[in-house]
Amino acid sequence: MRANCWEGAKHVKVETVPDPQIINSTDCIIKISTTCICGSDLHLFNGFVPTMEHGDIMGHEMMGEVVETGKNVKKVKVGDRVVVPFPIACGKCYSCKKGMTSLCENSNPNAHIASAIMGHSPSGVFGYSHMLGGFAGGQAEYARVPFADVGPLKLPDDVTDEQAVMLADIFPTGYMGAEMCDIAPGDTIAVWGCGPVGQFAIASAKLLGAERVIAIDRFPYRLRMARERAGADITINYEETSVMEALRELTGGRGPDGCVDAVGLEAHTPGLVGLYDKAKQSMRQENDRPGALREAIMSVANGRTVSVIGVYSGFIDKFPMGSLMNRSVTIKSGQCHVHRYMQPLLDRIQKGEIDPSFVITHRMKLEDAPVGYDIFTHKEDECMKVVLKPGH
Amino acid sequence: MATQQVPNRTRHDGSDGAQHRPMTRAPRNWKGAPDHYSETPDWKDGTTKFLGWFSIGLGLAEIFAPRAVAKLVGVSDEDEHVGTLRQFGVREIAAGLGILTRPKPTYWVWSRVGGDAIDLTWLTRRLRDSGEGNDRTKLLAAITAVAGITALDIMQGAKMTSEKLPSTGHDEGSFQVGKGDDGTVRLEAQVTVGASPQECYEFWKNLENLPRVVGHLESVRTLGEGRSHWKAKAPAGMSVEWDTETIEDRPNEYIAWHALEHEQVDNLGSVTFVPAPGDRGTEIHLEMEYHPRGGALGARIANVFKKLPQMELMMDLRRFKQLIELGEVVQSDATASRKTPHPAQPNASNELKSELRNR
């Protein structure tokens, strides 16, 4: 089959690789109809996530048709049209039973590598480095999906591919980012980053009853989409104004009641501190550039929550611990426990409360994946979300 | 695969070939802070303190009575020499203060060695300056004295460099991760499994199951009467074999085994099953000890196990957890391959590990 493979920093290539096969008895194989490039794929693409190997198949947002099932698969049938959550979860361990599927204790066969780097291991993830399992990703014609009865969600006919594939990662991730802010009536929520996940955090904050949502980015087309499609009430271009001062002014000096970091480890920070982070990161003295996170912590109202859904990989500098501790600020974070959000969010799509396909700006063939990475990473052509259609 | 058979002389005379040794475990009760908690640590010995005071004394003399010092060591009291001696005095005072005030002044003792070299060079030069009021006999005596002090400085510096900082004290009551004090390789790992102690115990009770989880074991064959024959992988395609016997078996709680006394590898192992709090299942505590009993083969075996990181035992226990909770070991495209490293892409059929083929 054809698959989009990582071939070193800033280099992906569509190659011919062996077809997937059933390895564990609860696996299924799906023929992929729609798959996406995620903002977090850009961290892999740009070489910031350790333990990638040449030839790794990229991609963790996928949906398609089940074409083969392992002998212990009971619910899922050949021919089912399913969307696949990006964390791989067994459904039987303590974390899975508590609904924290991105912390599945059994799905990462390379847990020892992740434990060495992070202390303990999260779940395995499709196409997201060897420390998260070494599972082939979904930017391919076919994919092997472990725990077929736990992850894949069977889709109704009235939901389109382009709506459904957003349930694999970014809609639930944005939703969890908003949910972790414990939104109460009257709350103002600020969202750093108006990429696809940020757009869904904004939209979800509105769905969850936020009084006002403030969106922060530097690309006018992203800020425009936040206002016009996701429902942001106010947008801030951080290259044109001071975010902290603007937030203070907009909230009567209190600060936002919830801050969502939908940026992660490649934050751009204007001025000297930004240069400092870039230099330290390029010299491997700091894995992650945490500009947005620092600003979110300093900005949030006393006693409220900073919700981190942007991806971080390792260690950061100049963490404002004094602000966090003295002002009773809570940080909540995590890779999204996608499994528990897929059905409720599918219901919202079917009820017409939201059409998550609004973020899609580019539709391409699988063969054009390298072009998709290129324009997405450089924010060219007003690129927001690239979907790939294998078999077209 | 080449196999090195360890001479097998299993006793059949009924004598107790096993040497029972309980597995060690650190005490886990807590006590208060040690009494000396607030003491300021100071680990200078008498020699170090002497060197400090000697530096101060010599320094004061060189600064305030340079002409007397010049006379003592046999150099003329011309202004150039007096200036040099005063500079030496400042250096000596600095070294003396450093030695007396720092808790562990290794650096300052070595700085004295540097100063000694300068002094010796200077005195030797004066020895070569013919006449001009320099007293050859006194100079030779001074050089000998400085050389003696230099030797003392070097010895003390080397001693302090090799010394580790003493700890603030041993606390019997605190938890410690186990470490062999006699060359023993001791490994421990833990995992929590979502099953009852009984379910977990049933798996371990049959030692022949062990190679399914313990990565470096090739096979375990039970011989009856609590004895079993173990075979482990060694480097370069070799393997090592030995006989063990179960020394304790408390159903649903604890199993311990060890190698028979005559075997060249002294292997102790135990697994403890502890009910986990709440609805978390069972904690599995696995401990393994390997100790060579002499002989080239014994040393080689010990080497195999020394290279086994803690990580491997952790991987073993995660495999066990998967077998109990899921009934099989989870594989990714990368880990299912016989070839390592293998990229995260599907394997060709002939690349899969043999046990995964034809599923």
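Chain B's secondary structure comes to nine helices and seven strands, where helices (H or I, at least four residues) and strands (E, at least two) are DSSP runs numbered from the N terminus. This is a predicted model, in which local features need pLDDT of at least 70, side-chain atom pairs count only at pLDDT 80 or more, and totals for chains, interfaces and linings use all residues. Residues are numbered from 1 along each chain as its sequence is written, while chains are lettered from A and ligands numbered from 1 in the order in which they are written.

**Chain B and its helices**

Of the 359 residues in chain B, 31% are buried. Buried here stands for 20 or more other C-beta atoms within 10 Å of a residue's own, exposed for 12 or fewer, and partly exposed for anything in between, with C-beta atoms placed from the backbone. Take the contacts in chain B with a separation of 6 or more: residues 24 or more positions apart account for 56% of them. A contact is a pair of residues whose C-beta atoms, placed from the backbone, lie within 7 Å.

Helix α5 (residues 136–162) of chain B has 27 residues and reaches 39 Å from its first C-alpha to its last, close to the 39 Å expected at 1.5 Å a residue. Helix α4(B) tells a similar story: 23 residues should span 33 Å, and the end C-alpha atoms are 34 Å apart, which agrees. The expected span is 1.5 Å times one less than the number of residues.

What do the buried residues of α5(B) pack against? They sit against α1 (46–64), α2 (66–73) and α4 (106–128) of chain B; the buried residues themselves are Ala142(B), Asp153(B), Gln156(B), Gly157(B) and Met160(B). On α4(B), the buried set is Trp108(B), Val109(B), Arg112(B), Gly115(B), Asp119(B), Leu123(B) and Arg126(B), and these pack against α1, α2, α3 (79–101) and α5 of chain B.

**Where the chains meet**

The contact between the chains takes 37 residues from chain A and 28 residues from chain B. On the chain A side, β1 (2–6), β4 (56–57) and α3 (111–118) each supply at least two residues. By class, that side has 16 nonpolar, 15 polar and six charged residues. Nonpolar covers Ala, Val, Leu, Ile, Met, Phe, Trp, Tyr, Cys and Pro, charged covers Asp, Glu, Lys and Arg, and the others, Gly among them, are polar.

**Strands in chain A**

Chain A has an open sheet of six strands, in the order β13-β12-β11-β14-β15-β16, with parallel pairing. β13 (234–237) and β16 (330–333) stand at the edges with a single partner strand each, so one side of each is left without a neighbour in the sheet. The twist averages 20° from one strand to the next. Strands pair if DSSP finds at least two bridges between them.

| Strands | Sense | Bridges | Facing residues |
|---|---|---|---|
| β14(A), β15(A) | parallel | four | Cys259(A), Val306(A) |
| β5(A), β6(A) | antiparallel | four | Gly64(A), Val82(A) |
| β6(A), β10(A) | antiparallel | two | Val82(A), Lys154(A) |

**Two crossing helices in chain A**

Helix α5 (residues 170–179) and helix α12 (residues 339–350) of chain A have axes that come within 9 Å and cross at roughly 100°. These axes are lines fitted to C-alpha atoms over the stretch in contact, and angles run from 0 to 180 degrees between N-to-C directions. That makes α5(A) roughly perpendicular to α12(A), a label for 65 to 115 degrees (under 35 is roughly parallel, over 145 roughly antiparallel, the rest oblique). Phe171(A), Pro172(A), Tyr175(A) and Met176(A) of α5(A) meet Tyr341(A), Met342(A) and Leu345(A) of α12(A). The class count for this contact is seven nonpolar, no polar and no charged residues.

Most residues other than glycine have a negative phi, and most peptide bonds are trans. Thr51(A), in the loop between α1 (39–45) and β4 of chain A, has phi near 65°; with 18 C-beta neighbours inside 10 Å, Thr51(A) counts as partly exposed. Ser328(A) has a positive phi of about 55° and lies in the loop between α11 (321–326) and β16 of chain A. Ser328(A) is exposed, with 9 other C-beta atoms within 10 Å. Over in chain B, the peptide bond from Thr340(B) to Pro341(B) is cis, with omega near -10°; Pro341(B) lies in the segment after α9 (310–326) of chain B.

Notes:
Two residues are in contact if their C-beta atoms, placed from the backbone, lie within 7 Å.
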